[in-house]
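Me: I'm new to this structure and would like to learn how to read it. Can you take me through it one feature at a time?

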Amino acid sequence: MADSTTTLLESKPPAAEPKRSWGDVVDEEEEEENPSVGDDITKSEDKVVSELKVDELSIADEKKVNKFLDDPEDSNIQAVTTGDTPYTSAATFEELNLTPDLLKGLYVEMKFQKPSKIQAISLPMILNPPYKNLVAQAHNGSGKTTCFVLGMLSRIDPQLKRTQALCICPTRELSIQNLEVLRKMGVYTQITTECAVPTDNTSGERSKFRPPIFAQIVIGTPGTIKRLMSQRKLSVGDIKVLVFDEADHMLARDGFQDDSLRIMKDIERSNTKCQVLLFSATFDEAVKNFVSRTVKDYNQLFVKKEELSLESVKQYKVNCPDELTKILVIKERILEFGENLGQTIIFVNSKRSASMLHKALVDFGYEVTTIHGALNHEDRDKIVKEFKDGLTQVLISTDLLARGFDQRQVNLVINFDLPVKYETPDEPHYEVYLHRIGRAGRFGSKGAVFNFIMTDRDHMIMDKIEKYFGTQVTEVTSWNSDEDFKVALKAAGLV
Ligand code: ADP
Ligand code: MG
């Protein structure tokens with residue numbers, strides 16, 4: 001489809017360099033239990049957005065969107081491009097001039113038929129000279145991984161046995177998942193890959209004995225990557241593509257801003273031609289502002305926050321007078337439906353909450369597994385693998401898996417605790433809410449979310465979340481009514 005409605009804007013003025021001091025402490029724990037995004041929003045952000053007239057732009061005529069897959073959720077992506085490079089979005093993977101090996105990977109291994117909307121719009125921007133930087137927002141489950149994976153695989157010079165693309169992710173789980181996608185998609189190429197995540201709790205020590213990296217594509221977590229770079233085991237001089245998945249968290253002050261910035265600057269210093277790709281379903285104003293100050297001359301794709309919720313995922317709230325009721329609701333109203341519901345992820349705010357719930361459900365005779373950042377890596381990998389293989393049906397998790405985790409069979413998400421900001425627990429964590437509920441409804445599949453409301457504070461938080469995203473979260477009238485839950489699950493298309 002021609003992007004006839006795309007408006008080309010001149011490049012923004014060069015971004016001012018933010019004053020930052022480097023945090024060069026080796027961080028072992030790269031995952032957070034309750035990440036909260038910095039909320040130091042300044043007025044200048046509004047200016048950046050309005051100057052670019054984002055709201056007036058639309059890359060696609062909504063009426064023609066049916067050329068794409070059945071993913072109506074991401075039909076409202078807005079594009080702002082810079083410079084004089086016209087882009088045409090691609091209705092088929094063939095139009096992208098991918099190598100035959102990559103096309104085969106997409107069709108035979110991935111079993112994809114055609115690009116999703118974000119793929120159709122972003123891939124021409126990523127794959128074609130002058131290889132502009134890109135900040136891309138698109139809905140949860142709409143196929144962002146494929147955009148940057150194809151971006152990395154396409155740019156590798158097969159003859160050059162050095163690292164040419166680097167992808168940084170907030171958790172080891174997401175790094176491993178993304179690498180699995182990349183290996184599958186690139187299976188017919190000879191491109192070499194490596195995962196750079198902590199291997200055990202003394203990884204700082206261990207990486208000293210790690211051999212230098214020759215792999216052409218490296219995916220990993222920021223602490224490990226930064227460490228490998230400072231130990232000169234990962235050289236960045238030939239890197240052509242630098243990806244940040246879950247980029248808003250990677251660049252948030254209370255996320256991995258220091259590490260990410262350092263990696264970006266180190267690469268920029270030895271290499272001026274590196275394309276930076278930032279992908280996420282959420283970019284709050286503080287992060288957008290930071291991006292406009294740190295990334296040079298980029299194209300951008302954005303979705304309004306009121307249009308971010310997935311229509312295929314029905315959101316409910318359930319009033320529960322006490323904690324015991326919350327547990328009974330899970331047991332009697334939800335898990336009793338058994339495997340008909342597919343898989344379920346229950347989100348909690350702390351390890352303590354996770355252990356308590358785990359014990360209670362096990363005592364009731366349910367097989368559940370629990371994951372959080374304090375478990376050792378081997379256990380974490382095992383729990384994720386069992387869940388991905390369908391051996392377990394119900395997974396209790398902290399926000400370790402709130403972002404990026406992709407499992408088609410997850411139809412149900414339960415917010416046992418509502419997501420709140422770590423430092424200011426009276427404030428909802430809007431982005432985390434959206435990411436948590438996005439674990440259901442992957443690529444247009446149906447899903448339901450149950451938010452448990454126990455205290456006055458919970459009510460207030462839920463109200464704020466509804467207002468922020470402009471969505472209505474339907475109340476399940478009585479926690480004690482089987483019928484009410486059946487109706488809810490039926491309306492979500494799950495029973
Ligand atoms: P997100 O945008 O949240 O990062 P993912 O990249 O994890 O989404 O993709 C979500 C799911 O959609 C994955 O299981 C992926 O295999 C599937 N998917 C992505 N692109 C396509 C496509 N073009 N056709 C079919 N399935 C796709
Ligand atoms: Mg993703």
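Reply: Buried means 20 or more other C-beta atoms within 10 Å of a residue's own, exposed means 12 or fewer, and partly exposed is in between, with C-beta atoms placed from the backbone. This is a predicted model, where local features need pLDDT of at least 70 and side-chain atom pairs count only at pLDDT 80 or more, while totals for chains, interfaces and linings use all residues. Residues are numbered from 1 along each chain as its sequence is written, and chains are lettered from A and ligands numbered from 1 in the order in which they are written.

Me: Why do side chains in a strand point in two directions?

Reply: In a regular strand, side chains alternate between the two faces of the sheet. As for cover, six of the six residues of β8 (residues 275–280) are buried.

Me: Which strands pair with β8?

Reply: Two strands pair if DSSP finds at least two bridges between them. Strand β3 (residues 133–137) pairs with β8 in the parallel sense over four bridges, and Leu134 has Leu277 as its bridge partner in β8. β7 also pairs with β8 in the parallel sense, over five bridges, with Leu278 as the bridge partner of Phe244.

Me: What is Leu278 in contact with, leaving aside neighbours within four places in sequence?

Reply: Contact means that two C-beta atoms, placed from the backbone, lie within 7 Å. On that basis, Leu278 is in contact with Leu134, Val135, Ala136, Phe244, Ala247 and Val291.

Me: How do I read a helix, say α9?

Reply: Compare its span with the expected one, which is 1.5 Å times one less than its number of residues. Helix α9 (residues 257–270) has 14 residues and reaches 20 Å from its first C-alpha to its last, close to the 20 Å expected. Its buried residues are Gln257, Asp259, Ser260, Arg262 and Ile263. Their cover includes β4 (165–168), α7 (222–230), β7 (241–245) and α8 (247–250).

Me: Is Asp458 buried or exposed?

Reply: Asp458 counts as buried because 20 other C-beta atoms lie within 10 Å. Asp458 sits in helix α15 (residues 456–469). Not counting residues up to four places away in sequence, Asp458 touches Leu418 and Ile453. Asp458 and Leu418 are 40 residues apart along the chain, with their C-alpha atoms separated by 7.0 Å.

Notes:
Helix = DSSP H or I, 4+ residues; strand = E, 2+ residues; numbered from the N terminus.
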